[in-house]
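Please keep the sequence and the structure in view while reading.

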Amino acid sequence: MTLQVDIRKLSFINEMAKVGTNGVADNMSKLTGEDAQMEVTKTNFVDVDDIKSQVDPGNRIGVRVRLLDPPHGHILILFPEESAKKITAIMLRDVVDDMSDVSSKMARSAVEEMGTMMSSGFIDGWADVLGRAIDIAAPQLVYAPTGEIVTRTAGLGSDDLALFFDSDLTVPSYQIEAEIYAFPDLEEFVEMVNAMEVQSA
């Protein structure tokens, strides 16, 4: 597949990443009562075959969300295992006194709920910028080495390239880390970016 990506469009793509992650941080701030910050550290078009070499090693747990409307594709919200434990504590703090009593099923459910909330914030940010509703399928819980999750998700699309957002979430008191990867249908995504450029001219 060949895509004509205008280098001048990259600033808009970076803005899309920023708006999406701001939506995540806003939702996290509401949940924790703290000023959560999420920073986009890298935005790249990468070859799907090379993605595994671009991500950190180690297992991640999180959710994969399929977009049912343009730009279609998938969003991944992933947490390192230590952060997943902290998320479980936050999500269950009002219903469980002793975290040692929490079952693995409850813990997975808490992480899934957090991931769903974060992905909603990200996608709502995109929808606002694009001026359209973006519906999503039910989020799917994922747990595996980072490279496997990311490679498998990229392989669900038909593109040779993936738009790869790498971002860091900071919640001061909780030291939670999170990563977001977006894999929109590139042809649709670039077309939508071009359309936004025309409208703003």
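How many bridges join E3 to E6, and do these strands run parallel or antiparallel? In this predicted model, 5 bridges join E3 to E6, and the two strands run antiparallel.

**Strand E3 and its partners**
- E3 is also joined to E2, by 7 bridges, and this pair runs antiparallel.
- Within these pairings, arginine 64 has leucine 76 of E3 as its bridge partner, while histidine 74 stands opposite phenylalanine 183 in E6.
- Because 7 of the 7 residues of E3 are buried, the strand is largely enclosed by the rest of the structure.
- His74, Leu76, Leu78 and Pro80 point one way from E3, whereas Ile75, Ile77 and Phe79 point the other way, and all of them are buried.

**The largest nonpolar core**
- This core has 44 residues, and those with the most contacts inside it are Ile75, Phe79, Met118, Phe122, Trp126, Phe165 and Leu169.
- Among the elements that each supply at least two residues of this core are helix H1 (10–32), strand E3 (74–80), helix H3 (104–130) and strand E5 (161–170).
- H3 gives the most to this core, with 9 residues.
- Apart from its neighbours within four places in sequence, isoleucine 75 is in contact with Val63, Arg64, Val65, Leu67, Phe122, Ile123, Ile180, Tyr181 and Ala182.

**A second core**
- A second, separate core has 14 residues, including Val46, Val142, Ala144 and Tyr181.

How values were computed. Residues are numbered from 1 along each chain as its sequence is written. This is a predicted model: local features need pLDDT of at least 70, side-chain atom pairs count only at pLDDT 80 or more; totals for chains, interfaces and linings use all residues. Side-chain values use heavy atoms; hydrogens and water are left out. A nonpolar core is a set of buried Ala, Val, Leu, Ile, Met, Phe, Trp, Tyr and Cys residues joined through side-chain atoms within 4.5 Å. Buried means under 20% relative accessible area, exposed over 50%, partly exposed in between (1.4 Å probe, protein chains only). Helices (H or I, at least four residues) and strands (E, at least two) are DSSP runs, numbered from the N terminus. Contact means heavy atoms within 4.5 Å. Two strands pair if DSSP finds at least two bridges between them.
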